[in-house]
Amino acid sequence: MPARTVTHSKPVALAVKTRRRHFAQALLRNQTALAGLLVVLGWVAVALTVSWWAPYGPLQQDVMNRLKPPSPRHLFGTDQLGRDVLSRVMYGAQISLPMVAIVAGGATIIGGSIGAIVGIVGGRIDDLVMRLADITLAFPSIVLAMAIVAATGPGLSNIVLAMLITGWPQYARLMRGQVLSIKQREHVEAARALGASDARVLARHLIPHCVSPVVVAASLDLGNVLLLAAGLSFIGLGVIPPQPEWGAMVAEGRTKFLQWWMSGFPGLAITSMVLGFNFIGDGLRDALDPRFRTSKLA
Amino acid sequence: MGKLLVRRAWILVPTLFGAVLACFLIAHYVPGDPLAAVLGDRAMENPEIVAAYRAKWGLDRSLPEQFGIYVWNLVRGDLGISIRTQRPVVEDLAEYLPATLELALGSLVLAIGGGILLGVVAAVRCNSWVDQVLRVVAMTGSSTPVFWMALIFLQVFYAGLGWSPGPGRLDTSLSPPPSRTGLYVVDALLASNLSVALNALRHLLLPSIVLGWRQLGLIARITRASMLEVLSADYVRTARAKGLAERVAVVRHALPNALLPTVTIIGLAVAGVLAGAVQTEVIFAWPGVGRYAVESSQALDFTGIMGVTLLISCLYALSNLAVDLLYGVLDPRIRE
């Protein structure tokens, strides 16, 4: 006999809708989260439209005007090859934002999927995968990422691969923990009693309840991903010059103390974006915390 | 306490074994022939030479046998020869490690001491200017790249104001003290050379502040949150009701209980410091293991980078063990 489709009754659907409205209200009332969202959306807008309004190209050189300070012609000054720093910072968003999205999204999906599967399957596979996660977590991320990039060579795709390898374990452990706690609940037992397979139980009854903490963890991790990527580029293992990656731009200005704008503005760009991600992550976490909702929305 | 030590140390064994296995597998799957980096193109054209070196270094054996040789070499302290320096990696690490330990200790002292103090004061004077300072420190620490903060500090305090000495562990006009621990400040004090000790301390201050800033913010936030919870507990109210001075109630009654979550964060702080040392040492020209790792990575010196990776993962595992034991010291329930 096939498993019956479980549909929500009206009171349950109303409860879900009310929870979502409370979540949106909690998020929108959080001014720092809104500020963070504005900053990140601002950078997204810059990345999408930069080719229309950037004053110069990212690789456009003007050697006669190299190492010039900020001026009306070059608002952020020029670097050692006469390239406009403002334009390079703007084009840098086209590298940083997709990289962060791919790494954070990829690590979340890969790690979350692995954690969900081993959480429901259990047994030796669970032990093996969790030991693998523990081994990966035994290394500080930047050190393991450096070892992987040294093995595979520098470049954007290799640092994305290195960060995915170092990033998946925390999501796997988080999702596995959530699955283990929720799979004991009555509604899951009921679904199994009706003949639902592991895959169906996972997709319809477990993952929807487990996904919130994983999403919050991913949003809180966005800033760390950007810092790690910039750090790898800073030490020469990331994006290969002359691409306008912010960490690499800070490295180019490292020895030029008098030309502070070369490192100053790219560093400010990294800080502003990481701050935006952190504010959004904090806002999501507070909005999903039942204690916060009860105190703020009563 | 002994049982706790044995229990926790036993868990360390599979973690370290896993780290060794991971390093071996990463080293094994490096693209290209490792012999080519050592023998050179002309020798590689001679199949007899290639076969002889493969047999000598066990590269013709099965994977498990190669792993066994790798582990045996590690036990004997043989991490291979650095392609870049042409010296045994273990000698390179022995030379560079003390500088990293000195930097790590300096930053942890600042982070733990400053973080706990700031967290306690911010909790006791909630929503005051101290609380705002904590928020700014925590926010900047978690959002600012370590390498950028290091550059800013160097530009302001060294190039701009001249308050800080230049990069390196000591002024170039001074000789390092006789080495007993490898930590210049300690060695200079042991040799009763106060001027060298002070100079080394001045050089240590700025990189320690940069490296410890993020961890200070984290520790202060956790301490503050934990203190706020404990300060509203019944036993603290009782202490105040008995007429104890506020300072005594806070320090003797509230703080020891509030420190338990902080101890967990200290474990994370050690990892953060080891990771952050990589970038900080490059900026401050600090001759430590982090800078060695960066130079090895840039030169694709694989034996060097794997040696550093293994060393740092061991230090990380040992610091987690120390934190677990400290937890047992602070909370008698955990010892049982």
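Trainee: Is H10(A) largely enclosed or open, and why?
Mentor: H10(A) is largely enclosed by the rest of the structure, because 22 of its 28 residues are buried (20 or more other C-beta atoms, placed from the backbone, within 10 Å of a residue's own). Helices here are DSSP runs of H or I with at least four residues, numbered from the N terminus. This is a predicted model, in which local features need pLDDT of at least 70, side-chain atom pairs count only at pLDDT 80 or more, and totals for chains, interfaces and linings use all residues. Residues are numbered from 1 along each chain as its sequence is written, and chains are lettered from A in the order in which they are written.

Trainee: What does H10(A) reach from its first C-alpha to its last?
Mentor: H10(A), residues 261-288, reaches 40 Å, close to the 40 Å expected at 1.5 Å a residue (1.5 Å times one less than the number of residues).

Trainee: Changing topic, how many residues does each chain give to the contact?
Mentor: Chain B gives 35 residues and chain A gives 35 residues, a contact being two C-beta atoms, placed from the backbone, within 7 Å.

Trainee: Which helix supplies the largest share of chain B's side?
Mentor: H14(B) does, with eight residues.

Trainee: And how do H7(B) and H10(B) cross?
Mentor: Their axes, lines fitted to C-alpha atoms over the stretch in contact, with angles from 0 to 180 degrees between N-to-C directions, come within 8 Å and cross at roughly 135°.

Trainee: Which residues make that contact?
Mentor: Among them are Leu134(B) and Val137(B) of H7(B), and Trp213(B) and Leu216(B) of H10(B).

Notes:
Helix = DSSP H or I, 4+ residues; strand = E, 2+ residues; numbered from the N terminus. Buried ≥ 20, exposed ≤ 12 C-beta atoms within 10 Å, placed from the backbone.
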